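Let's take a walk through this one together. Have the viewer open and follow along.

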Amino acid sequence: MSLITWKDEFSVGVAAVDLEHRELIELINGLDGDMQEHATQTTVVETLGEIYARISAHFALEEKIMRDAGYDGFAAHKQDHERLLDELLDVIDSVDDAGRYDRAGLSRDLDRWFSEHFRTHDARLHQKLG
Amino acid sequence: MNRVVQAFLYAAFAAFVGYLSVAPAYQYADPEIAVIKLSLSHAAERVEACVKLTPQQINERAMKGEPINECERERLPLAVELDVDGATVLSLAAVPSGLWKDGPASVYERLAIDAGVHTITARLRDSARETGWDYAYSEEVSLAPGRYFTITFRAENGGFEFR
Amino acid sequence: MELIKRALAHAFARFEAVFEYAFGQRNTPFAWLGALGWYFYWIVAATGVYLYIFFDTGITDAYASVEYMTHDQWYAAGIMRSLHRYASDALVVVVVLHIFREFAFDRLRGRRFFAWLTGLPLLAFIYLCGISGYWLVWDQLAQYIAVATTEWLDTLPLFGEPIANNFLNSTTLGGRFFTLMVFIHIFGPLFMLLLMWVHIQRHSQAKVNPPRPLAIGTLAVLVILSLVFPAVSQGPADLDVVPAELGFDWFYLAGYPLLDLVPGGQLWLYLFAAFLVLAVLPWIPPAERVPAAAVNLENCNGCTRCFDDCPFGAINMVPRSDGRAYESEPVVNVNQCTSCGICVGSCPTSTPFRRSGPLQPGIELPDRSIADLRDELVAGTGETRVIVFACDTGDTDELEQDGVKVIRLPCVGMLPPSFVDFALARHHAEGVMIAGCAEGDCQHRLGNDWTIERMARRRDPYLRQRVDERRLCLSWLPRDSTRRRQRALAEFRVTLSEIDDE
């Protein structure tokens, strides 16, 4: 049972962005699965780091597309990107420092962040991009 | 940031630019002397005289549209001499211009000379003769200080022109 | 050669110190020599347009019209004329300084040859325009220039009849030759503008506008000079009269007295030889071949940050080639890439937090990988108090000391901000110092500007919000600033210990 299921509302209407959304969801679901099977803390931290790198690139691409399109909600959307990156890093750090991970809390956070961001900002972007 | 030093640096820059744009003055020539300028451009005769063609040959060529002369292109060097008060101050042979040395030869020389009365003689040889000159001209002139005296040459006007 | 450069660079550093003090690092004229050149060009062009309205082409009319402008209309055309002259002179000053400085600071070597090489014809045109300008006044100085220049040109086998004959005496000058000079003086600068454009082609966001304080200051001082010391002509030209004493504009005419000492033909030889030597300088001695940046498509989605940040326009975005759904990918032009690494600093996947698999970003310098960078950063954790990321250009050897680790980069712009976050958040150091060139004078043009913007969270990739700025020290200093740098480091360490005491 995957943590996040692809919904149509996750689509932004741009093939590259949708591809990355799918890949990220796959990564997150994979991590969730690994945690369910009691993966080591090292594995979890490494996967989180991978998610962080990929999502940084993803946000960069989204921002370029928004800029090129002259999207009016750019500033707010970018702010949310920065916030998500900050929070993700905080999570990575707390897992690293604590020496163990809280599977339920982590999964809940990941789901909340991405689904919420998809639902609000990305959906609005899709609307504006037409 | 220091505006006072800035102002000083700006002023120094302006002074530097302002000064060097007119000074130090350049002394090109002594105002007491006169300058002779010799400049001429003249085509000497050809090294070898043109081949004499028979009237029949000339006719043939004219009919075919070919040139009616047959000449070696190369010209002689131009010999030029300049005397001031009997002493030769300039003696040179000017090479004809052009890749095949068939164009006019040019001479351009500048000479500083004391102001005053002088006898100037100019000579030119444009033929293959061994001695003597084809053109010569001599005149007693009064050279004013700080002025140019030009010597030019125009064959159609008879030769040298002094001014 | 190295010694000459080092000596010159040292001389510049000493001379520039007072300018840095007076103008501040960002606005010192020495960081804007090229831009000042452009600026003076525009002043000369604008005043030239105005002057041309009142200028009469013609052997007798030219001098009279200039006299009218200088005296009768002194308040407008007169000032314009002086400004025209002084701005042209100022142009020579900044361009000559610019040439020596770029040479001294080694900014023309190897793949950076383009601006240098295209600058050489530009230099020739500056002189062509300036000299033809003095010709137009048709005063005694113009007469001298006309005779001397045509006599010099006649030493080349270009003309059948000496063109100096035009200026033989007062009967020989035809109006057509004069018109030719006007033509040269108008179309010369126009063509020069084209050359100026070519000159900056391989520099993205080229600095062609000086900062406002400098622009206002230089214009003001040149206008004041024009009012206090107006440019005047030197008596009407008379080809029958030998010019005796002449007020010389040494900025443009310094070479002319040489014609009286050295035969014209020889002088041409020296000139051509000089240009030849200048032209080959980028390759003498051959520049070190550092590998260009390399793209890794697996880790790249075409976000264009590297394309945006490259100071030399060496990256181009082209349609995607690996079949993935991304639209574009960056391609590095290896003939233009100077291996500064600024693109690496801009790439979002250049993050040390990523740990599964080898750390490989979308774009990287093959011989200075960020995996190595991370290893260096991590090594010796526990003993390190301060990590200093330093660029190769500054003198940072003296910074090595107990508790300080110095990590060198080709340019500080190569440093991804995430490395700063990583160093501090993962407790590899208590403080991070970034030690780069003086502001506005980055050896690779935009490295320190981009770093400032990234750390201030104004340019992507932003430094993470959570980073405590007190633990980050940005140090921008000119070359030869070893002691100032050491002092900055010492002060930073004091600050850090104060934070820890809280």
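Below is a tour that starts with the chains and ends with a pair of helices.

Some housekeeping before we set off: this is a predicted model, where local features need pLDDT of at least 70, side-chain atom pairs count only at pLDDT 80 or more, and totals for chains, interfaces and linings use all residues. Residues are numbered from 1 along each chain as its sequence is written, while chains are lettered from A and ligands numbered from 1 in the order in which they are written.

Let's begin with chain C. Its C-alpha trace spans about 90 × 50 × 40 Å along the principal axes. You'll find 17 helices and 9 strands in it; helices (H or I, at least four residues) and strands (E, at least two) are DSSP runs, numbered from the N terminus. Of the 502 residues in chain C, 45% are buried. Here a residue is buried if 20 or more other C-beta atoms lie within 10 Å of its own, exposed if 12 or fewer, and partly exposed in between, with C-beta atoms placed from the backbone. Now take the contacts in chain C between residues at least 6 apart in sequence: 73% of them join residues at least 24 apart. Two residues are in contact if their C-beta atoms, placed from the backbone, lie within 7 Å.

Next, how do the chains meet? Of the 2 pairs of chains in contact, B and C share the most contacts. Chains A and B have no contact joining them, and their closest C-alpha atoms are 36 Å apart. Where B meets C, 35 residues of chain B touch 39 residues of chain C. On the chain B side, the elements giving two or more residues are helix H1 (3-20) and strands E1 (26-27), E2 (33-42), E5 (105-114) and E8 (148-154). H1(B) supplies the largest share, 9 residues. By class, that side of chain B has 19 nonpolar, 13 polar and 3 charged residues. The classes work like this: Ala, Val, Leu, Ile, Met, Phe, Trp, Tyr, Cys and Pro count as nonpolar, Asp, Glu, Lys and Arg as charged, and the others, Gly among them, as polar.

E1(B) pairs with strand E1 of chain C (residues 245-246) in the antiparallel sense over 2 bridges; two strands pair if DSSP finds at least two bridges between them. Zoom in and you'll see B:Tyr26 with C:Leu246 as its bridge partner.

Now move into chain B and look for its sheet. Four strands form an open sheet with mixed pairing, in the order E5-E2-E8-E9. E5 and E9 of chain B stand at the edges with a single partner strand each, so one side of each is left without a neighbour in the sheet. From one strand to the next, the twist averages 15 degrees.

Let's cross that sheet. E5(B) and E2(B) pair in the antiparallel sense over 10 bridges, with B:Leu111 as the bridge partner of B:Ile36. B:Ile36 also stands opposite B:Phe149 in E8(B). E2(B) and E8(B) run parallel, joined by 4 bridges. E2(B) is largely enclosed by the rest of the structure, because 8 of its 10 residues are buried; E8(B) is largely enclosed as well, since 6 of its 7 residues are buried. E8(B) then pairs with E9(B) (residues 159-162) in the antiparallel sense over 4 bridges, one bridge being B:Phe153 to B:Phe160. Their hairpin has 4 residues between the strands, and B:Gly158 takes a positive phi near 105 degrees there.

B:Ser106 deserves a stop. B:Ser41 stands opposite B:Ser106. Leaving aside neighbours within four places in sequence, the contacts of B:Ser106 include C:Glu161 and C:Pro162.

Helices H2 (residues 41-69) and H3 (residues 74-98) of chain A pack at an angle of about 170 degrees, with axes 10 Å apart. Axes are lines fitted to C-alpha atoms, for helices over the stretch in contact, and angles run from 0 to 180 degrees between N-to-C directions. That makes H2(A) roughly antiparallel to H3(A); angles under 35 degrees count as roughly parallel, over 145 as roughly antiparallel, 65 to 115 as roughly perpendicular and the rest as oblique. The contact has 13 nonpolar, 5 polar and 4 charged residues.
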